[in-house]
Structure formats: C-alpha cells, structure tokens
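Thank you for having me this morning. Please have the sequence and the model open while I talk, and follow the residues as I name them.

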Amino acid sequence: MEFTELLKKFSQNSKKSICISRFDSPIGKIVAVGDDDFLYAVVFEDSKNLEKELRVIADNLSCSFVENKSKILEQFEDEIKDYFDGNLRKFTVPIKTFGTDFQKEVWKHLLELPYGSTETYGSLAKNMGRAASHSRAIGAACGANAHLIIIPCHRLVASASKGGFSCGINRKEWLIEHEKKFVEI
C-alpha cells in the first residue's frame, strides 16, 4: 500500500494531528511517529508491524496522521544519525508506549541493557523475578515493541541462536555488530 494511502487509512476524523516522517538508515528506511511531546513509534518502512502500530496509535490517541516533522521527530532524527555514526549509546527522546503491564515491564528492563551487550530471553526473565519459562512471553513482548532501536529488543538473544526480530534477523545481527564495533573503540 502506498505510504500516503496508509496514513489516510488509519487517520481518524480528529483535530489532533500526529506527525510521521521517514528517515534513511544503513539498514533501511525508518518510519517515526510523534508529536511535540512524545515519540510513539519507530519501525522500518517494510515492517509487517507498520500498519499495526499506526492502528494502535490512532485507536489510543484518536488522531489523524500528517507527513511532517514535529520537534520530537527532529530530535529523533538527530539522535538516530548519532546512533548510526557510533556517537550515541542511549536515546533521550521522550517516548510513549502502548501495551500491557507485562509488555511495559519487559520494555523497561530492555532500556537498562547496556549498549553493545546482549542478554538471553531466559536471563532477562530471571532478572525480572520470573522463571526462565517466561522467555517466550518476553519474546512476544519484544515483537510488540513499537520503538525499535530505542527500546533495544535487538540486544535480546536466544540461548542457542540470535532469536527473532520483527524486522528481520539480518537487521538484528547488523545492530548487534554495529554496537559491538563502537564499544571496542
């Protein structure tokens, strides 16, 4: 579906407008959604989750989407460039998440994972005070993460493999290697 059509499809008849903008990156075009207060989503344009995230935002905020840059999207643009240049390890752009209490708990713990590191799903479950058997639920929470790279679900790996990634395992591997390259400097 054409990008403009996608915005129309999920826009509601509302005076509240949320800005949406696209940014180039070394691993594909990124779509970011935000207003002057919060960043609501960061997804890859070819992601299967793009439509879902627009629907969630529209349903929660009763808004329409406009292709434009808000001050938050301008801040995100600066930070994502710095991240890909190896000059930013932790994002400061304010985010707002929509999810269950469990998902938000997982995302909070993901924000605490150090740049350039990885942790297993089971280890994160234990750090959250849960049994390692919660690793599938943690993986599902990662799949529902609307703030890719900012909430670093790419740093979570399976014990015997890289695990999954909603935007493709190649991107996950690239992000892990990218961060490791700059930690070693």
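Tyr-83, Phe-84, Phe-91, Tyr-115 and Trp-174 form one aromatic cluster, where rings of Phe, Tyr and Trp (its six-membered ring) pair if their centres lie within 6.5 Å, and planes under 30 degrees apart count as stacked, over 60 as edge-to-face and the rest as tilted. This is a predicted model, in which local features need pLDDT of at least 70 and side-chain atom pairs count only at pLDDT 80 or more, while totals for chains, interfaces and linings use all residues. Residues are numbered from 1 along each chain as its sequence is written, and side-chain values use heavy atoms, with hydrogens and water left out.

By that pairing rule the count comes to seven aromatic pairs. One of them joins Phe-23 and Phe-76, edge-to-face, at 5.4 Å centre to centre with 70 degrees between the planes. Because Phe-23 lies in strand β1 (residues 17-23) and Phe-76 in helix α3 (residues 71-84), this pair ties together parts that are 53 residues apart in sequence; helices (H or I, at least four residues) and strands (E, at least two) are DSSP runs, numbered from the N terminus. Both Phe-23 and Phe-76 are buried, meaning under 20% relative accessible area, with exposed being over 50% and partly exposed in between, for a 1.4 Å probe and protein chains only.

Two rings also have a charge over them, which requires NZ of Lys or CZ of Arg within 6 Å of the ring centre and within 35 degrees of the ring normal. Arg-22 lies over the face of Phe-3, at 3.9 Å from the ring centre, and the charged end of Arg-171 sits over the ring of Phe-44, 4.0 Å from its centre.

Now, which residues line the largest pocket? Among them are Phe-91 and Tyr-115, together with Arg-89, Lys-90 and Arg-155. On a 1 Å grid over the protein atoms alone, a pocket is an open set of points with protein on both sides within 12 Å along at least five of seven lines, a cavity is a set where a 1.4 Å probe fits but cannot get out, and lining residues have an atom within 4 Å of a point.

Finally, the lining of the largest cavity consists of Tyr-40, Glu-53, Val-56, Ile-57, Phe-98 and Ala-146, and helix α2 (residues 50-61) gives the most to that lining, with three residues.
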